[in-house]
Amino acid sequence: MSQENIESVLDETRVFEPPQSDTSFSSIADWQRACDNFEADFEGTWGDLARQNLTWQKPFHTVLNSDKPPFYRWFEDGNINLSENCLDRHVNNGLGERTAIIWEGEPGDVRHISYQQLLAEVCQAANSLKTLGVVKGDRVIIYMPMIPEAAVAMLACARIGATHSVVFGAFSAQALRDRVEDAAATLIITADGGYRRGAVHSLKNSVDEALSQGCPSLKHVLVVKRGQNDVNWVDNRDIDWTTLLTQQATTCPPETIASEHPLFILYTSGSTGKPKGIVHSTGGYLLWAHLTMLYSFDFKPASDVFWCTADVGWITGHTYSVYGPLSNGGTTVMYEGVPTYPDAGRLWKICQDHKVSIFYTAPTAIRALNKAGDQYPNAYDLSKLRVLGTVGEPINPEAWMWYYKVIGGERCPVVDTWWQTETGGHMLAPMPFATPTKPGSATHALPGIATEIVDAQGDVVQKGGGLLVITKPWPSMLRGIWGDEVRFIETYWQKFADKGYYFAGDGARKDEDGYFWIMGRVDDVLNVSGHRLGTMEIESALVSHDAVAEAAVVGCPDDIKGEGIFAFVILKTAVTEGLEQELRAHVTKTIGAIAKPDVIRFTENLPKTRSGKIMRRLLRDIAAGREITSDISTLEDQAVVAQLQGKTVS
Ligand code: PRX
């Protein structure tokens, strides 16, 4: 978080009482009671919730197995099929005609898909996967635009027990290849292309490029024709989605799946090395996806239209565009394109046209749409909205107030939800009709979730700043990093190993009312427009260019994106014209456009301590144009600072 934002958050004292509602959590006492139930009987309460809210193929007897921390196992002797929970049980309950997905394409084409139709299509897709030889435990990569087939593909994998790994469609061919290889996937499900900013963005070309040097595990590529753009076709490898699906039966018995079976792997950035494959289970993950829809959004499946704007390539899209709403038998909205096409009113038009009642997006989008002007939201009827959510990065109080006033008409509670790819679902969030809110605070832990702020020794800080930890296991916790047990332990559990706490990587502060305020990452992870990027990942991409000798990347304040990317680069060669552009293009090609540096500053030196460590805090001060707060007395060469500040031309 930028210094200015931190200051505005620290000064924030406004409190907004929750609106009255006759919902099941309608006062802070209801929240407290739910928390007390866990306090009184932690495992019993989780067990009851899992039995009451989900349909099990075989009931579980053991709620939590903590024999080998941090390898916790939830409901492990139970069997549960996620696809059955999201589809069959609603159809069997007479809800087959209810709309499961309202989808809008960027050009304006709309589809309403009922639960009955979705079940039939998922069964056809599941049968198609079987025809292609995919069996339980195989990994399937999903690299798609935001079209209903992306959700169908996820649910089809879940139905037969294939572990899916969705790769965000804007990631590069190389990033895709890395993920296919790490997961040793046998199948990629993709599309020819999808619409973005009025043009078709090709995905199939990236798949071809990713596989161009061979990929031993990969057998087939299943292609949805969405963009109708010309694509290369590799016979025997590439298969047309529609042709294959229409040959299949519309029924497919749900496979028997153990609760701990890996539902998906989702790659996310860390502070070191390559992105890590976060592994999530089936039963525990689904339980929290289901419950948080009720706790944080007060979701009423029979009457609400829920829209989470996240792409399915991110955890938010997994849990709140697909699995959470569908597990509850509600209606979820999916939109293919960008929020500003054809203009900054697009999201508000979609809210109006589809009668969206719960809307969930990232602060970046809120800030950008705020900046575009009130005339856009004011042109649409937003009266159906009743709850607003935000996620992914700290929200500054100004953006919160605009969201609350202009979008929510001062009648909709704003739920600021703090969580991570690793947590599977919300950890800190207000309950919209129970918790008084403060602009910029994610308020409290949800019932069942134990969060604390601790100092470097792991001692609890009652009031003030420190590190955010989760002190007890929870059902939707990550089960590991794909293929890397050591990294799993080192990243999340080693820091407070003696206490058994999960270390989230965020700094946070607790105020006098016990409210949590997230202060941002304390490691070398950036949060650019709510997207997580490792500084090392971007540095490696830069260094892989022939002209670059060394690079150091830090975040810098950005009014819209929250954090921008600032790269200090030492060249092997002299600066040539166009090199800056070339380096940006190189990073885009290596990772994707979201990782493109905003600023590249060429330098002859990087500030290092005598032990050779790059002084990142100093670089952050320079990137922000701030007064230097770091102690630079240990700096080898004091003249470096002036050059880094751009005062000397190299
Ligand atoms: O730094 C926190 C920030 O996003 C990180 C997690 O990123 P990712 O795994 O990509 O998941 C994003 C969506 C869940 C966190 O470590 N973050 C997430 N939500 C918030 C947040 N920072 C402040 N406030 C939030 N509400």
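Two elements, α2 (28–40) and β19 (451–454), each put at least two residues into the lining of the second largest pocket. The biggest share comes from α2, with six residues. Keep in mind that this is a predicted model.

**Second largest pocket**
- The second largest pocket holds about 410 Å³ of space.
- Its lining runs to 21 residues, and Cys 35, Glu 39, Ala 445, Ile 449 and Ala 450 are the ones nearest the centre.
- Sorted by class, that lining has ten nonpolar, six polar and five charged residues.

**Shell around the ligand**
- There are 17 residues around the ligand, with Asp 416, Thr 417, Thr 421, Asp 506 and Arg 532 coming nearest.
- Three elements, α11 (315–327), β18 (414–417) and β23 (516–521), each bring at least two residues to this shell.

**Polar contacts and cover**
- Asp 506 has a polar side-chain atom 2.5 Å from an oxygen atom of the ligand, and Asp 506 is also one of the residues that come nearest to the ligand.
- Asn 527 also uses its side chain: an N or O atom there sits 3.4 Å from an oxygen atom of the ligand.
- With Glu 393 it's the backbone instead, where an N or O atom lies 3.4 Å from a nitrogen atom of the ligand.
- On its own the ligand has 530 Å² of accessible area, and the protein covers 96% of that.

Methods
Residues numbered from 1 in each chain as written. Predicted model: local features only at pLDDT ≥ 70, side-chain atom pairs only at ≥ 80, totals over all residues. Heavy atoms only, no water. Near = heavy atom within 4 Å. Polar contact = N/O pair within 3.5 Å; in protein donor to acceptor, adjacent residues only side chain to side chain. Areas by Shrake-Rupley, 256 points an atom, 1.4 Å probe, with all protein chains shown as cover. Helix = DSSP H or I, 4+ residues; strand = E, 2+ residues; numbered from the N terminus. 1 Å grid on protein atoms, 1.4 Å probe; cavity = no way out; pocket = protein on both sides within 12 Å on 5 of 7 lines; lining within 4 Å. Points joined across faces, edges and corners; volume = space filled by probe spheres on them. Nonpolar A, V, L, I, M, F, W, Y, C, P; charged D, E, K, R; others polar.
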